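Please look at the model below with these notes beside you.

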Amino acid sequence: MTASDRRGFIVAQTRLRPVPHAPEIQLHVADEATELWQKTEDELGAIGLPPPFWAFAWAGGQALARYLLDNPDIVRRKTVLDFASGSGLVAIAAALGGATSVTAAEIDAFASSAIALNASVNAVDITVLLEDVVGRDDGWDVVTAGDVSYERDMAARVTAWLHGLSRRGAVVLIGDPGRSYLARDLLESLATYEVPVTRSLEDADIKQSSVWRFKADRHPAPAGSV
C-alpha cells in the first residue's frame, strides 16, 4: 500500500474532530460510527493494518498536549522529538508552541501517514521519522512520550533510553494515565488532568492522566493541575 493509499484509507475511515482535552487541535480519529472502529483484529490483519493506535487520542497524549499548549515556553525555540507519536497529537502541540523543529517518530507506516495528514490539518510543519529511534540521540532539547508504559519489555527499554536522554540534559516529558509499567520510582509529576476518553478503550469516561519527568531532570518547567 502506497503513502497515497494509506492517506486515502485514513480519510475514508476516520472523522476530523477536535481533541477533547486539547480542542485547539483537530485529528482524524475513529469513533463508534466509523467502520474502522468496528473492525476486529482479524479483519485488520486481513487488510494488512496493524492495530490503529494512531486513530485515537489516548489519555497520556492528551495530557501532554494540554501541558505543552498551556506552557509553550518549554518547547519555544527548541528542537523536539515526539516518540511513538501515534496521531501526531503531541508533536502538533509542540509545533503550535513555537518549537524550532519537531520530529515525530513512529514505526507504523499508517501512523506516519496520519501524522502528516493531521499536521497539515493543523497548519504545522512536522518531520516524520519512520523508524525505531530507541537508543538514538540527535541532541534534541525536548523529548516527549505519551502512553508508552503499557507493555513490560517495551516500557523497560524505552524508560532506560529516555532516562539517559534526561541525564545528558534533555527535558523529557512522559504522559501517562497510570499504566502498569510506568517507572514511578524514577519520576515526579508535573501536572495532573481529568481527561475525557472513550469508555470502550479505557473502561472509563474520564481518565486521570499526568505529565511526568525524571527526578534527575532539573530543567525548570511549570507545574500545575487541572
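1. The largest pocket has a volume of about 690 Å³. A pocket here is found on a 1 Å grid over the protein atoms alone: it is an open set of points with protein on both sides within 12 Å along at least five of seven lines. Grid points are joined across faces, edges and corners, and a volume is the space filled by probe spheres set on the points. This is a predicted model, where local features need pLDDT of at least 70 and side-chain atom pairs count only at pLDDT 80 or more, while totals for chains, interfaces and linings use all residues. Residues are numbered from 1 along each chain as its sequence is written, and side-chain values use heavy atoms, with hydrogens and water left out.

2. The largest pocket is lined by 32 residues. Lining residues have an atom within 4 Å of a point. Closest to the pocket's centre are Phe 53, Ala 84, Glu 106, Asp 147 and Tyr 150. By class, the lining has 19 nonpolar, 5 polar and 8 charged residues. Ala, Val, Leu, Ile, Met, Phe, Trp, Tyr, Cys and Pro count as nonpolar, Asp, Glu, Lys and Arg as charged, and the others, Gly among them, as polar.

3. Which element gives the largest share of the pocket lining? Helix 7 does, with 3 residues. Strand 3 (79-83), helix 5 (89-96) and strand 4 (101-106) each supply at least two. Helices (H or I, at least four residues) and strands (E, at least two) are DSSP runs, numbered from the N terminus.

4. The whole structure has 1 cavity of 30 Å³ or more. In a cavity, a 1.4 Å probe fits but cannot get out. The volume of the largest cavity is about 50 Å³. Helix 7 (residues 152-167) gives the most to this lining too, with 3 residues. The lining includes Val 158, Thr 159 and Leu 162. It has 7 nonpolar, 2 polar and no charged residues.

5. Helix 5 is mostly covered, with 7 of its 8 residues buried. Buried means under 20% relative accessible area (1.4 Å probe, protein chains only). Leu 89, Val 90 and Ile 92 are among them. Just after helix 5, Gly 98 takes a positive phi of about 95°.

6. The axes of helix 1 (residues 3-13) and helix 6 (residues 109-121) come within 9 Å and cross at roughly 70°. Helix 1 is therefore roughly perpendicular to helix 6 (65 to 115 degrees). Axes are lines fitted to C-alpha atoms over the stretch in contact, and angles run from 0 to 180 degrees between N-to-C directions. The contact (heavy atoms within 4.5 Å) includes Phe 9 of helix 1 and Leu 117 of helix 6.

Key. Angles under 35 degrees count as roughly parallel, over 145 as roughly antiparallel, 65 to 115 as roughly perpendicular and the rest as oblique. Buried means under 20% relative accessible area, exposed over 50%, partly exposed in between (1.4 Å probe, protein chains only).
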